[in-house]
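Q: Could we go through this fold together, beginning with the strands and then turning to the core?

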Amino acid sequence: VLTLNIAYGLLIQAGYLSDIVAYMGTDNLRFHAPVYPGDSIRMETEITAKKETKRGWMCEYDWTIRNQDRVAVATGHNI
């Protein structure tokens, strides 16, 4: 779970989540491989849906956390 929180921090630092109004949830969360001290990770995202609302945009996206060997260590879908 720490890996997931670090990856969300990477998205925030990149400005990807800069104007979030509400976090609606994560679906299909899966941890595929361990992450060890000294490993580096990166988060890849793909927008799968978006809809304009009165308060802004509602987006859905798939994400994958990969380690330095490009192995997917976690995946999920956020709303």
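The conversation below concerns a predicted model.

Q: What is the order of the strands in the sheet?
A: The order is 1-4-3-2, in an open sheet of four strands with antiparallel pairing.

Q: Which strands stand at the edges, and why is one side of each left without a neighbour?
A: Strand 1 (26–31) and strand 2 (41–53) are the edge strands; each has a single partner strand, so one side of each has no neighbour in the sheet.

Q: And how many degrees does the twist average from one strand to the next?
A: The average twist is 10 degrees between one strand and the next.

Q: Over how many bridges do strand 3 and strand 4 pair?
A: They pair over six bridges, in the antiparallel sense. In strand 4, A72 stands opposite R66.

Q: Turning to the helix, which strands does helix 1 lie across?
A: Helix 1 lies across strand 1, strand 2, strand 3 and strand 4, and runs at about 65 degrees to strand 2.

Q: Which residues make up the largest nonpolar core?
A: There are 11 residues in all: L4, A7, Y8, L11, L17, M43, Y61, W63, I65, V73 and A74. Helix 1 (2–13), strand 3 (56–67) and strand 4 (72–78) are the elements that give two or more residues to this core.

Q: Which element gives the most to this core?
A: Helix 1 does, with four residues.

Q: What does Y61 touch, leaving aside residues up to four places away in sequence?
A: Y61 touches Y8, L11, Y16 and L17, and also T45, E46, I47, T48, G76, H77 and N78. Among these contacts, Y8, L11 and L17 belong to the largest nonpolar core together with Y61 itself.

Key:
Residues are numbered from 1 along each chain as its sequence is written. This is a predicted model: local features need pLDDT of at least 70, side-chain atom pairs count only at pLDDT 80 or more; totals for chains, interfaces and linings use all residues. Side-chain values use heavy atoms; hydrogens and water are left out. A nonpolar core is a set of buried Ala, Val, Leu, Ile, Met, Phe, Trp, Tyr and Cys residues joined through side-chain atoms within 4.5 Å. Buried means under 20% relative accessible area, exposed over 50%, partly exposed in between (1.4 Å probe, protein chains only). Contact means heavy atoms within 4.5 Å. Two strands pair if DSSP finds at least two bridges between them. Axes are lines fitted to C-alpha atoms, for helices over the stretch in contact, and angles run from 0 to 180 degrees between N-to-C directions.
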